[in-house]
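This report describes a structure in terms of its chains, their contact and selected local features. The structure itself is shown first.

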2 protein chains.
Amino acid sequence: MATARPDKPAPGLPTPPGRRPRRAAPPRRPLTQEAVVEAAIGVLDAEGLEAVTMRRVAQELGTGPASLYAHVSGKEELRELMLDRVAAEIRLPEPDPARWQEQLKELAREIRRVYTSHRDIALVSMGLIPTGPHLLDVAEAQLALMRAGGVPKKIAGMAVDTLGMFLDADAIEGTVYYAKAPAGEDPHEFFEAYFGQFREYFAALPKDRYPTITGMVEELTDADDDGRFEFGLDLLVRGIASYVKDADRAEDGDRAEDAGSAG
Amino acid sequence: MATARPDKPAPGLPTPPGRRPRRAAPPRRPLTQEAVVEAAIGVLDAEGLEAVTMRRVAQELGTGPASLYAHVSGKEELRELMLDRVAAEIRLPEPDPARWQEQLKELAREIRRVYTSHRDIALVSMGLIPTGPHLLDVAEAQLALMRAGGVPKKIAGMAVDTLGMFLDADAIEGTVYYAKAPAGEDPHEFFEAYFGQFREYFAALPKDRYPTITGMVEELTDADDDGRFEFGLDLLVRGIASYVKDADRAEDGDRAEDAGSAG
DNA sequence: TCGTAATTACGAACGCTGTTCTATAGCCGA
DNA sequence: TCGGCTATAGAACAGCGTTCGTAATTACGA
């Protein structure tokens, strides 16, 4: 993970004779914003967002926390830069109007894949208006897909927001549990036991106060993450699609079977 | 806000003769978990979730941070207790199967009202499996409404999760902006300027890289919070309702106009 | 009424955090 | 060769969650 820094002077040792005493010798790679963000993402992937402290990132770069402030205005900006760098990994589709709904779903799955592969980075995304170039690329792609499918501007504008909320919330939900798993333990096995505890808890609730919950314990503690994601995604995309015919109906006789009345 | 504790002995003064020198006299209201949670919510409402520190809550109770740990296992438990106490304010409906969709929406609006009235409490809810009694009451009510409307168990189990994610994300999004507003400034006026900045930013983006975004700046920076919420809510509820006829069709001819094909 | 056990309360301290101040080291143009 | 400038980082500040050990107060049995 951390590349070795070969020429760091050993602290406490006197300067050898014949060598210029350049204190705090400049590291091989001089500090740049890019290097700071890269180091921060390294810590994120290895230890989670909570471990991404200015001190920890600085340590990764072989320096002190104060040095970071020359390249980053503070922790918040660093987190946003991390998010945008992560967003650069999201592969974007070429819009094909005939398949816009499936393409929108595919893009959502791709975003989910990238988000969950970087621990709890979605916590940064929640409630943030995208301004970084790569985050804007993703938003542009989503909007382009919907517009190509005939979704009205106003609807698309709201839908990209709702979709983003859903993706953030899903990734957070997923990684919150993941973060609870002790390091070096099989996550799947851990979740089994973790959800099992809740299953017992729900089953033991008083039936007179919680008749519905106690009657569907199995359905509530089913840890089928992918299934829940697909369910929510389908709900949203179908809902968005239902607004299409109001704007331009019968222009593209793609699939006339669905699309209920909107309003 | 903070009720006066009338008989706290003035520090530094000698004990008056004839009065027993009970040092650290027990406050009128002895420390209880309930009192701790109440004080914490007081701080939350006044200064936001970030200000709810163990020290700040202890100060509100006229004691030190160590004293809280006798009634609360730590900060995380305190936050969950706060959330459950807030959830107790949510007014729950009597299920009326004929109106279940509208009732589900009304309940969602009620949850939104309570959440946003307590600053960023929704941050605690995100990614948390509800276990507190009042949170379970809310989940029970949502599930009861859907079941009364004929939503299959499996669908209802996933829908309550999706709906919760949507509500949490919406409340967080709303309060994140609210938290940015400087204290003592008209929030509406602030948002006008705040979103205005983003409008300019989006409008200034390169048109060749972001053709869709730059073509719908107005739609994207429209700060109609309620409209966006209703849009997402309608998407979800209509989607949930679309699964009803698969289970028990033609039992209640409520509104046959909508409900597209499911699956 | 007294003496003792158990409970509650809390001051002090530890190891963290983000950020700022200040001084220094090295590079660049003159 | 000499300034000026920027990048660097050591030290420090205020605040955080939590723990420890001790003091005070209650409750209880005699």
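## Model and confidence

The model is predicted. Chain A has a mean pLDDT of 84, with 81% of its residues at 70 or more. Residues 1–28 of chain A have a pLDDT below 50, and this stretch makes eleven contacts in the model beyond near neighbours in sequence. At residues 250–263 of chain A the pLDDT also stays under 50, and the model has 24 contacts beyond four places in sequence for them. Where pLDDT is low, the predicted coordinates should not be read in detail.

## Fold of chain A

Chain A contains twelve helices and zero strands. Its pattern along the sequence is accordingly α-α-α-α-α-α-α-α-α-α-α-α.

Of the 263 residues in chain A, 35% are buried. Among contacts in chain A with a separation of 6 or more, 64% join residues 24 or more positions apart.

## Relation and contact of the two chains

Chain A is superposed on chain B by a rotation of 180° with 0.0 Å of shift along the axis, at an RMSD of 0.0 Å. The two copies are therefore related as by a two-fold rotation axis. Both copies use the same surface, since 96% of the contact residues of chain A recur in chain B.

Chain A contributes 47 residues to the contact and chain B contributes 45 residues. On the side of chain A that touches chain B, at least two residues each come from helix H6 (133–148), helix H7 (153–180), helix H8 (187–203), helix H9 (211–214), helix H10 (217–220) and helix H11 (225–241). H7(A) gives the largest share of that side, 14 residues. By type, the residues of the side of chain A that touches chain B are 23 nonpolar, ten polar and 14 charged.

## Nonpolar core

The largest nonpolar core has 128 residues, and those touching the most other members are Ala40(A), Met82(A), Ala40(B) and Met82(B). Apart from neighbours within four places in sequence, Ala40(B) contacts Val52(B), Val57(B), Leu78(B) and Met82(B).

Helix H4 of chain B covers residues 100–117. Its 18 residues reach 25 Å from first C-alpha to last, close to the 26 Å expected at 1.5 Å a residue. The buried residues in H4(B) are Trp100(B), Gln101(B), Gln103(B), Leu104(B), Leu107(B), Ala108(B), Ile111(B), Arg112(B) and Tyr115(B). An α-helix has 3.6 residues a turn, so residues three or four places apart point the same way. The cover over the buried residues of H4(B) includes helix H5 (122–125), helix H6 (133–148), helix H7 (153–180) and helix H11 (225–241) of chain B.

Arg119(B) counts as buried because 23 C-beta neighbours lie inside 10 Å, the cut-off being 20 or more.

In chain A, Arg119(A) is in the loop between helix H4 (100–116) and helix H5 (122–125). Its phi, near 50°, is a positive value in a residue other than glycine. Arg119(A) counts as buried, with 23 C-beta neighbours inside 10 Å.

Leu135(A) lies in helix H6 of chain A. Leu135(A) is buried because 21 other C-beta atoms are within 10 Å. Leaving out neighbours within four places in sequence, its contacts are Leu83(A), Asp84(A), Ala87(A) and Pro130(A). Of these, Ala87(A) is 48 residues from Leu135(A) in sequence and 5.7 Å away in space, C-alpha to C-alpha.

H11(A) has 17 residues and reaches 24 Å from its first C-alpha to its last, close to the 24 Å expected at 1.5 Å a residue. Twelve of the 17 residues of H11(A) are buried, so the helix is largely enclosed by the rest of the structure. These buried residues are Arg228(A), Phe229(A), Phe231(A), Gly232(A), Leu233(A), Leu235(A), Leu236(A), Val237(A), Arg238(A), Gly239(A), Ile240(A) and Ala241(A). H11(A) is also one of the helices that supply at least two residues to the side of chain A touching chain B.

Technical notes: Residues are numbered from 1 along each chain as its sequence is written. Chains are lettered from A and ligands numbered from 1 in the order in which they are written. This is a predicted model: local features need pLDDT of at least 70, side-chain atom pairs count only at pLDDT 80 or more; totals for chains, interfaces and linings use all residues. Copies are superposed by least squares on the C-alpha atoms of residues with pLDDT of at least 70 in both. Two residues are in contact if their C-beta atoms, placed from the backbone, lie within 7 Å. Helices (H or I, at least four residues) and strands (E, at least two) are DSSP runs, numbered from the N terminus. Ala, Val, Leu, Ile, Met, Phe, Trp, Tyr, Cys and Pro count as nonpolar, Asp, Glu, Lys and Arg as charged, and the others, Gly among them, as polar. A nonpolar core is a set of buried Ala, Val, Leu, Ile, Met, Phe, Trp, Tyr and Cys residues joined through C-beta atoms within 7 Å. The expected span of a helix is 1.5 Å times one less than its number of residues. pLDDT is the predictor's confidence in each residue, from 0 to 100.
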